[in-house]
Amino acid sequence: GPCTECSCSSGKEPDKGASHTKKKENGDRLCVPKIFFGTRTHKQITQISRELKRTAYSYVPMTILSSRDYTCIHPVVSNSSNRNEMCVELLEGKHGKSCSYYHSVHKLSEHHALQSASRVYQAWDIEDLVSLGRKLRACPYFAARELMVEADIVFCPYNYLLDPQIRESMDIKLKDQVVILDEAHNIEDCARESVSYGVTESQLRAAREELDFMVNNNIRQKDHEPLRAVCCSLI
């Protein structure tokens, strides 16, 4: 069977499989690449992690990257329509409050049930992470991101891999890694969606009114007039 000691992320020298960790000249070890497994929906990740549980690789360190819509457990933020902004505001302490779940994130990311070194470890899905997070009062969203450092396999929706802004904000580095795209025929639609944006007519009208105000009051007229023209032509 596979040797559990040869993942460089375990921090131990491998007993076998030394080819996995060639020495670089400056003494750093070359790590085994991570596998980024992209799916179309979050639901498909649940199905795949269930399948992973049934294989001999259930012990492999993994993580699942997903949005705060699925993993925020803060009672106020999780019920808000703008979770991302509220979360950032709390972490910046703008209103004198902070998020106790975020400050307990290590309790979850270091929990033995998620660590492959422990015997009880096995593949998990978002629901497992969230229910453990509730029990420990620790943030599943940031724990999943911390687990990416040690993970050999990272599950996430396609757009986390395709969209450069999400890649940057999630700190996903794909250089020298392995990328697997499930049902890759959906990639074109997904790529189009990630660079497309929908606006309603009422949003356009509201924008035009604001731009009218700017232009009529001589506020950066040169910048706002072309924008107003675009709004008018779209309307």
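Mentor: Let us look at strand 3, where Cys 156 is the bridge partner of Gly 38. Strands here are DSSP runs of E with at least two residues, and helices are runs of H or I with at least four, both numbered from the N terminus. This is a predicted model, in which local features need pLDDT of at least 70 and side-chain atom pairs count only at pLDDT 80 or more, while totals for chains, interfaces and linings use all residues. Residues are numbered from 1 along each chain as its sequence is written, and side-chain values use heavy atoms, leaving out hydrogens and water.

Strand 1 (residues 35-39) runs parallel to strand 3 and is joined to it by 5 bridges, and strand 2 (residues 62-64) also pairs with strand 3 in the parallel sense, over 3 bridges; two strands count as paired if DSSP finds at least two bridges between them. In the second pairing, Ile 64 has Phe 155 as its bridge partner.

Strand 3 (residues 153-157) is largely enclosed by the rest of the structure, because 5 of its 5 residues are buried, where buried means under 20% relative accessible area with a 1.4 Å probe, counting protein chains only. Ile 153, Phe 155 and Pro 157 lie on one side, with Val 154 and Cys 156 on the other, so that both faces are covered.

Phe 155 touches, among others, Phe 37, Ile 45, Met 62 and Leu 65, not counting residues up to four places away in sequence; contact means heavy atoms within 4.5 Å.

Note on methods. Buried means under 20% relative accessible area, exposed over 50%, partly exposed in between (1.4 Å probe, protein chains only).
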